[in-house]
Amino acid sequence: MELKELLDIERQGWDALCAGTGASFYGELMTDDAVMVLANGMILDRAGVVDSLRAAPPWRTYEIEDPRLVDVGGDGKVLVYTGVAYRDGAEPAFRGIMSSTYVLTKAGWRLACYQQTEIR
């Protein structure tokens with residue numbers, strides 16, 4: 001059940017990135033001390049993520065392949081998958097291994113850490 005639940009949240013995030021509403025979605029989903037470790041080597045805190053997503057071009061579509069859930073104990077879970085995302089135009093698809101660490105809070109699941117490694 002948790003795999004389906006966390007995949008639903010992950011898809012909501014990708015849907016927000018496609019709709020251009022990722023800044024508000026991740027601003028609400030991330031814990032106060034959350035970070036994103038991006039394929040380009042940047043590490044962004046929650047405020048940095050929100051700022052960067054305000055200016056980011058939307059994705060056209062995405063795929064989530066081979067999702068797995070890792071129990072890290074307590075109220076934490078790590079969702080690991082291969083992500084493939086496409087923008088408009090001739091830009092090639094972005095392919096990466098993604099991991100999203102979620103913690104269960106009184107307000108529901110919150111994203112504590114997101115990491116991506118590009119597949120070339």
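Begin by selecting Asp-71, which touches Gly-76 and Lys-77 once residues up to four places away in sequence are set aside, where contact means heavy atoms within 4.5 Å. The model on screen is predicted, so local features need pLDDT of at least 70 and side-chain atom pairs count only at pLDDT 80 or more, while totals for chains, interfaces and linings use all residues. Residues are numbered from 1 along each chain as its sequence is written, and side-chain values use heavy atoms, with hydrogens and water left out.

Asp-71 lies in strand 3 (residues 61-71); helices (H or I, at least four residues) and strands (E, at least two) are DSSP runs, numbered from the N terminus. With a relative accessible area of 52%, Asp-71 is exposed, given that buried means under 20% relative accessible area, exposed over 50% and partly exposed in between (1.4 Å probe, protein chains only).

Asp-66 is partly exposed, at a relative accessible area of 46%.

Next, go to Thr-82 in strand 4 (residues 76-86), which counts as buried at 14% relative accessibility. Leaving aside neighbours within four places in sequence, show Glu-63, Ile-64, Glu-65, Arg-95, Gly-96, Ile-97 and Ile-119, with which Thr-82 is in contact.

Now turn to the helices. Select helix 1 (residues 2-19) and helix 2 (residues 22-29), which pack at an angle of about 150 degrees with their axes 7 Å apart; axes are lines fitted to C-alpha atoms, for helices over the stretch in contact, and angles run from 0 to 180 degrees between N-to-C directions. That makes helix 1 roughly antiparallel to helix 2, since angles over 145 degrees count as roughly antiparallel, under 35 as roughly parallel, 65 to 115 as roughly perpendicular and the rest as oblique. To see the contact, display Ile-9, Gln-12, Gly-13, Trp-14, Ala-16 and Leu-17 of helix 1 together with Gly-22, Phe-25, Tyr-26 and Leu-29 of helix 2.

Keep helix 2 selected, because six of its eight residues are buried and it is therefore largely enclosed by the rest of the structure. Those buried residues are Gly-22, Ala-23, Phe-25, Tyr-26, Gly-27 and Leu-29, and what covers them includes helix 1, strand 1 (30-37), helix 3, strand 5 and strand 6. In helix 3, colour Gly-48, Val-49, Val-50 and Leu-53, which are buried; their cover includes helix 1, helix 2, strand 1 and strand 2 (43-45).

Finish at the largest pocket, which is lined by 28 residues, with Leu-38, Leu-53, Trp-59, Arg-87 and Gln-116 nearest its centre. On a 1 Å grid over the protein atoms alone, a pocket is an open set of points where a 1.4 Å probe fits, with protein on both sides within 12 Å along at least five of seven lines, and lining residues have an atom within 4 Å of a point. The elements giving two or more residues to this lining are helix 1, helix 2, helix 3 (46-55), strand 5 (94-105) and strand 6 (108-118), and the largest share, four residues, comes from helix 1.
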